[in-house]
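Thanks for coming. I will take a few minutes on one structure, and the picture goes up now.

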Amino acid sequence: MTTRGRWLFAVLAASAVLLSGCSDAAVDPKKLPGVYRDDGGGRIELSADGTFSASRVTTREGGDPVDFSGSWDYEDPGGSSDFVYLGIEDGGLGMTGGIQLYVDDEDTLYFQSDPDGPVTQELKRTS
């Protein structure tokens, strides 16, 4: 099993236990490309070609804002929260692999590093 596969399995297992934050509305992944921002200057752009760039985003509680980029893919694990898997290729996370960006709806994305913890950053569509 690849590193991505093990990481995805662990996250899906945790998500299956905790169904909080699930969106009731179906998400059309073709509508996700666009620019999302928060009030603190955080920005994520999901491009239709499957690439992304992120600037001043906070992916974990207590973490500093970082910039990174790579590729993205929409994941629908069924009964738990939908998410965008961000494959990190360049940036300040100090890791290889990826991270989940949860999908509330087609206009709202958020990071939540701990399923029992608070949302660390919520970004709203601007274009």
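I will go through the core, the aromatic rings, the strand pairing and the charged side chains, and end with a backbone angle.

First, the ground rules. This is a predicted model, in which local features need pLDDT of at least 70 and side-chain atom pairs count only at pLDDT 80 or more, while totals for chains, interfaces and linings use all residues. Residues are numbered from 1 along each chain as its sequence is written, and side-chain values use heavy atoms, with hydrogens and water left out.

Start with the core. A nonpolar core here is a set of buried Ala, Val, Leu, Ile, Met, Phe, Trp, Tyr and Cys residues joined through side-chain atoms within 4.5 Å. Buried means under 20% relative accessible area, exposed means over 50%, and partly exposed is in between, with a 1.4 Å probe and protein chains only. The largest such core has 21 residues, and Leu-32, Leu-46, Phe-68, Leu-86 and Phe-111 touch the most other members. Two or more residues each come from β2 (43-46), β3, β4 (66-75), β5 (83-91), β6 (97-105) and β7 (108-111). Which strand gives the largest share of this core? That is β4, with 4 residues. Strands, for the record, are DSSP runs of E of at least two residues, numbered from the N terminus.

Next, the rings. Rings of Phe, Tyr and Trp (its six-membered ring) pair if their centres lie within 6.5 Å; planes under 30 degrees apart are stacked, over 60 edge-to-face, and the rest tilted. The whole structure has 3 aromatic pairs. One of them is Phe-83 with Tyr-102, edge-to-face at 6.3 Å centre to centre and 65° between the planes. Phe-83 is in β5 and Tyr-102 in β6, so this pair ties together parts 19 residues apart in sequence. Tyr-102 also stacks with Tyr-110, at 5.5 Å and 25°. Tyr-102 counts as buried at 9% relative accessibility, and Tyr-110 is buried at 6%.

Now the pairing around β8. Two strands pair if DSSP finds at least two bridges between them. Strand β1 (residues 34-37) is joined to β8 (residues 121-125) by 2 bridges, antiparallel, and Tyr-36 stands opposite Arg-125. β7 and β8 are also antiparallel, over 4 bridges. There, Thr-108 has Lys-124 as its bridge partner. The two side chains also make a polar contact at 3.1 Å; that term means N or O atoms within 3.5 Å, one able to donate a hydrogen and the other to accept it, with sequence neighbours counted only if both atoms are side-chain atoms. Is Thr-108 buried or exposed? Thr-108 counts as buried, at 3% relative accessibility.

On to charges. A salt bridge is a side-chain nitrogen of Lys or Arg within 4 Å of a carboxyl oxygen of Asp or Glu. The structure holds 3. Arg-43 pairs with Glu-45 at 3.1 Å, Lys-124 with Glu-122 at 3.9 Å, and Asp-107 with Arg-125 at 3.0 Å. Asp-107 sits in the loop between β6 and β7 and Arg-125 in β8, so that pair ties together parts 18 residues apart in sequence. Asp-107 is partly exposed at 43%, as is Arg-125 at 24%.

Last, the backbone. Most residues other than glycine have a negative phi. Arg-56 has a positive phi of about 55° although it is not a glycine. Arg-56 lies in β3 (residues 51-57) and is partly exposed at 46% relative accessibility.
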